[in-house]
Amino acid sequence: ILCVVGLQYKEDGFVVLDGLLSSQECDELRQRMNEIVDQMDVPEHCRTTFTTYHHEQLKTQGSADYFITSGDKIRFFFEKGVFDDQGEFKVPKHLSLNKVGHALHAYEPLYKKVTHSAKVQGIAKKLGLVSPVILQSMYIFKQPGIGGEVTAHQDATFLHTEPLGRVMGLWIALEDATVNNGCLWFIPGSHRSGISRRMVRTPKGTFPLTDFIGREQAYKEDTFVAAPVPKGGVVLIHGEVVHRSAENISEESRHVYTFHVMEALDTRWSPDNWLQPTEELPFPPLYTK
């Protein structure tokens, strides 16, 4: 089966595989995230009230700084419109989050176990990865009714390597991901055309902290195909394949655990990427002894 997977991954730039996790394992990951959210400290920039242009600037800068320094931490990112003018929740806090990232794989034992599981390592080996490292991880909520759209993009825009083609995302459905609740959509074969833009860090001391070089192309709607995934299934995502997800207007959430790996052998990680390894957290090897 995995031989076929390799061919399809090479051909289409993505593959859907059922049964990476059991239903119980999915529920355990969701339960643990529930506990993390129970204990979360809401970041200060979310509490900043909109009173003056200066405050708005502080809030924007605080948000950007919170993001760009999140590679070796567990941090909280919210849907739009979930805070009032006083910085208080307008919705229950468990329904306010867009995602939690970017180092669940390093600090949370359950997520670490899944990331380094024999099944994940087996997939990477069958795809020929010799020295893969883990770049980042996220828990994505896609909340019912308000889960935001993710516009068409390529992961290599944000996670750039030389040469290209060294990054793969593993996107694990902790609930059924359907056309109704915001599953992924792909343009098959689009990973063979390079990338059209890059997100880079700006020079120290300047704001904004990141900028884009180039621009996202316009893609024809009818070239996208839906990739629904049953609970416990995984999508393997080539770093250059174009993909998106629609907003979630259904009453069902679409919780996902996702992480990115990079083939480190003969690969240069761009020093301009927003995400950088730190002394506290170098990119950990996927293959554990």
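Author: In this predicted model, the charged end of Lys99 sits over the ring of Phe77, at 5.4 Å from the ring centre. Phe77 itself counts as buried, because its relative accessibility is 13% and the limit for that class is under 20%. The structure holds 14 aromatic pairs, and one of them joins Phe77 to Phe67 in an edge-to-face arrangement, with 6.1 Å centre to centre and 75° between the planes. Since Phe67 belongs to helix H4 (residues 53-68) and Phe77 to strand S2 (residues 74-78), this pair ties together parts that are 10 residues apart in sequence. Phe67, with 22% relative accessibility, counts as partly exposed.

An edge-to-face pair is also formed by Phe158 and Phe212, because their planes stand at 85°, with the ring centres 6.2 Å apart. Here the pair links distant parts of the chain, 54 residues apart, with Phe158 in the loop between strand S5 (150-153) and strand S6 (161-162) and Phe212 in strand S10 (residues 210-214). Phe158 counts as partly exposed at 21% relative accessibility, and Phe212 counts as partly exposed at 38%.

Two further features complete this account. Tyr111, Tyr139, Phe141, Tyr257 and Phe259 form one aromatic cluster. A charge over a ring is found again at Phe224, where the charged end of Arg244 sits 4.5 Å from the ring centre.

Definitions and conventions: Residues are numbered from 1 along each chain as its sequence is written. This is a predicted model: local features need pLDDT of at least 70, side-chain atom pairs count only at pLDDT 80 or more; totals for chains, interfaces and linings use all residues. Side-chain values use heavy atoms; hydrogens and water are left out. Rings of Phe, Tyr and Trp (its six-membered ring) pair if their centres lie within 6.5 Å; planes under 30 degrees apart count as stacked, over 60 as edge-to-face and the rest as tilted. Helices (H or I, at least four residues) and strands (E, at least two) are DSSP runs, numbered from the N terminus. Buried means under 20% relative accessible area, exposed over 50%, partly exposed in between (1.4 Å probe, protein chains only). A charge sits over a ring if NZ of Lys or CZ of Arg is within 6 Å of the ring centre and within 35 degrees of the ring normal.
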